[in-house]
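Have the structure open as you read.

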Amino acid sequence: MLACTAITSAFVSTPTLAQTSGQPAETGRANAPDQKPSFENQTRAPQPATLPKISAEVFADDLPHLWAMEFLPDGRMLVTAKQGAMHIISKEGDAGPAIAGVPEVAFGGQGGLLDVALAPDYETSGMIFFSFSEPREDGNGTSVASAKLVVDDNGGGKLEDVSVIFRQTPSYDGRSHFGSRLTFGPNNELYVTVGERSDRQPRVQAQELGSGLGKVFRIDASGKALPDNPFVNTDGAQPEIWSLGHRNMQSAALDAQGRLWTVEHGPRGGDELNRPEAGKNYGWPEVTYGVEYNGNAVGSGITEKAETEQPVYYWDPVIGPSGMAFYDGDAIPEWKNAFLVGGLVSQGVVVLHMNDDKVAYEERVPLNARIRDVKVGPDGAVYAVTEQRGGGKSTIVKLTKA
């Protein structure tokens, strides 16, 4: 990686110099300064008293515009390129040829090939699952497909038996808020996060059980609703729905107890950390922190309602969340049991130190680049995917304790 020395220097992070321990990581002016949190540390939590020195090096560069990565059992990475390709990245950081058999995606705006997850039995089955914005006769929408990944000896491979197992409905002719992350739970249930398609006409459907916009879904490996889902016996409801009232979820991860956590994009202010629970309503667009992009109130401008859940944590101004991992490694002990969230707007990795399901401390690792995905490697290092706004090349950065 000697050729990357100049690039690497731009990513070197020294958060102990960039921030002051004990003070909030976010000091910028809120977009909605009159809105107040519902409880202590719901926003602008302090930084930890001790901040580890984190160094960053380029692991792989000159990559297509990536959206997601997943570690394979042998330590290589499977990555998705937004324009519609998958690649395998070697342990040395080299990208193999495009994998054959990826279906057509609705590329453009926020659409394209999105997340990828290995089946729980991947080592024996070779099955993967991936989400993408699917072109449809009546528009487009987020869909989930399964396939068998057959790897060849040249660092590439192909997808076999590709099957679209789940489609978010209704379709919509738009280019925004597709979500999406895929996370397998401890009992092989598949959580699928999506968006509410952004525009004012469709986004209200985040509150409707007959619509798949703005929801977390919980399905099996064939795409069917699980029998203990909260709305399977509700007339008119989509049985795959797990929770509702979400905006645009591009971050999801399980904690040490196997529970799902998500971070969703808010409006201008109002990015949210939630722990979605069965049947619960998270408010959007009727209840939210932040304001519209034009500065007006969202709806009635309320931040609380008895029928909706409060976010565990929120950001104003936003971090622009994308990608999320739970740190269970040993290489950076200060981050043990913390959530790591990619920041598109904050341009780095946000570290959330938890206590009793609340954020005790927030730490930030500045990387001077939009972070699209975050994963913990088998070596305990943290790997972050960078992107350029509007396209361009991606880089995978490796974070270690200095």
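Which residue in β14 is the bridge partner of Ala252? That would be Thr262.

A quick note before going on: this is a predicted model, in which local features need pLDDT of at least 70, side-chain atom pairs count only at pLDDT 80 or more, and totals for chains, interfaces and linings use all residues. Numbering runs from 1 along each chain as its sequence is written, and side-chain values use heavy atoms, with hydrogens and water left out.

Strands here (E, at least two residues) are DSSP runs, numbered from the N terminus. Two of them count as paired if DSSP finds at least two bridges between them. Here are the pairings:

| Strands | Sense | Bridges |
|---|---|---|
| β13 (residues 248–254) and β14 | antiparallel | six bridges |
| β14 and β15 (residues 271–274) | antiparallel | three bridges |
| β17 (residues 321–326) and β18 | antiparallel | four bridges |
| β18 and β19 (residues 348–355) | antiparallel | six bridges |

Thr262 turns up again on the β15 side, where its bridge partner is Asn274. β14 also sits in two hairpins: the one with β13 has five residues between the strands, with Gly258 in the turn at a positive phi of about 80°, and the one with β15 has five residues between them too, with Gly269 at about 95°.

Now for β18 (residues 338–343). Val341 is the bridge partner of Met324, and Leu340 has Val351 in β19.
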